[in-house]
Amino acid sequence: MTVLVTEATGTTGRRIADLLETAGADVRRAARSSSPGFDWLDPATHDAAFEGAESLYLLPPPATPDPAPVLAPVLERAVRRGLRRVVLLSAAAVERGTPGLGAVQDLVLGTVPEPSVLRPSWFTQNLLGDHLTARGLRAGEVVTATGDGRVPFVDAGDIAAVAAALLLDPAPPEPDVVVTGPAALSYDDVCAVWTEVTGRTARHRPVTVSAMTARLVADGMPADYAAVLAGLDGLIAAGSQARTSDAVLRLTGRAPHSVRDVLREACPVRS
Ligand SMILES: NC(=O)c1ccc[n+]([C@@H]2O[C@H](COP(=O)([O-])OP(=O)(O)OC[C@H]3O[C@@H](n4cnc5c(N)ncnc54)[C@H](OP(=O)(O)O)[C@@H]3O)[C@@H](O)[C@H]2O)c1
């Protein structure tokens with residue numbers, strides 16, 4: 001069975017490709033930087049990537065506000081040529097019938113014989129590397145429009161393990177899988193865990209959604225995408241994103257990693 005993994009150099013894609021290969025699957029890694037290159041926005045690259053693929057880990061093209069019209073002809077053609085199963089990376093905050101990723105959920109559920117929509121909460125890996133939140137933590141101040149709302153941050157490794165289980169299961173996968181970490185934390189809580197693990201103080205400064213949009217734009221994000229992301233902060237502030245799910249334990253057989261686990265693993269041990 002050939003599994004096509006898009007976003008194969010990204011946060012979840014490379015972890016999923018590694019897990020599938022370890023499990024013995026025939027994996028094809030696809031990204032613009034892979035060889036041969038794969039670009040959702042370049043139809044000339046599609047046929048070679050999808051040739052013989054029965055399963056797909058689907059990450060829509062990043063920073064494309066309306067990906068469904070880009071993806072629809074590619075998926076329809078691939079299904080005619082034998083694609084059966086698609087695990088789509090969406091987000092816990094995105095519901096069917098909404099624009100953008102919501103429309104992609106509808107597309108996959110309506111086009112593919114064995115669809116599964118993976119809806120992770122915010123990645124714990126946002127607290128590491130080059131993400132704006134991570135840079136804020138290292139600088140001592142995290143700015144969000146989440147107020148005291150809470151988020152069940154989820155480890156990208158746990159998301160990958162769930163995706164791999166859904167792709168490899170002999171039975172058709174669950175169509176809608178919300179994936180979370182073990183507990184919902186406010187950004188005040190995150191700063192406290194960061195301070196405990198690293199020994200360096202960080203604080204959370206709440207701002208309004210419009211002020212957050214302006215910060216994201218100032219950081220280089222396109223205005224329409226910045227408004228969407230800051231709007232999600234508003235959902236967190238309203239309390240709608242605090243719920244946890246049992247998907248990691250149920251589908252992988254092990255408990256999800258906490259924020260503290262991931263930070264301890266990634267950060268140098270305090271002397
Ligand atoms: N971060 C979160 O908290 C969170 C939470 C829930 C859901 N999500 C979802 O996760 C997704 C993004 O994940 P990420 O930020 O972690 O991604 P990422 O690590 O930045 O990876 C992006 C990947 O996409 C590839 N890529 C970029 N443009 C492409 C194109 N036009 N065609 C084909 N491949 C392309 C990149 O490789 P090349 O540059 O080589 O092409 C790379 O492999 C989004 O859909 C977001 O909604 C994120």
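## Strands and the sheet

Helices (H or I, at least four residues) and strands (E, at least two) are DSSP runs that are numbered from the N terminus, and two strands are taken to pair if DSSP finds at least two bridges between them. The model is predicted, so to speak of local features requires pLDDT of at least 70 and side-chain atom pairs count only at pLDDT 80 or more, while totals for chains, interfaces and linings use all residues. Residues are numbered from 1 along each chain as its sequence is written, and side-chain values use heavy atoms, with hydrogens and water left out.

Six strands form an open sheet in the order S2-S1-S3-S4-S5-S8, with parallel pairing. Strand S2 (26-30) and strand S8 (176-179) stand at the edges with a single partner strand each, so one side of each has no neighbour in the sheet. From one strand to the next the twist averages 20°, where axes are lines fitted to C-alpha atoms, for helices over the stretch in contact, and angles run from 0 to 180 degrees between N-to-C directions.

Strand S4 (residues 85-89) and strand S5 (residues 114-120) run parallel and are joined by 5 bridges; leucine 89 stands opposite leucine 118 in S5. Helix H1 (residues 13-22) packs on the sheet, where it touches strand S1 (2-6), S2 and strand S3 (53-58), and its direction makes about 165° with that of S2; contact here means heavy atoms within 4.5 Å.

## Around the ligand

Thr9, Thr11, Arg32, Ser33 and Asn126 come nearest among the 22 residues around the ligand, a residue being near if one of its heavy atoms lies within 4 Å. An oxygen atom of the ligand lies 2.8 Å from a backbone N or O atom of arginine 32, and an oxygen atom of the ligand is 2.5 Å from an N or O atom in the side chain of serine 33. For aspartate 39, a side-chain N or O atom is 2.8 Å from a nitrogen atom of the ligand.

## Loop geometry

Serine 35 and proline 36 are joined by a cis peptide bond with omega about 0°, and proline 36 lies in the loop between S2 and helix H2 (46-50). Glutamate 7, in the loop between S1 and H1, has phi near 60°, a positive value in a residue other than glycine.

Key: A polar contact is a pair of N or O atoms within 3.5 Å; within protein, one must be able to donate a hydrogen and the other to accept it, and residues adjacent in sequence count only if both atoms are side-chain atoms.
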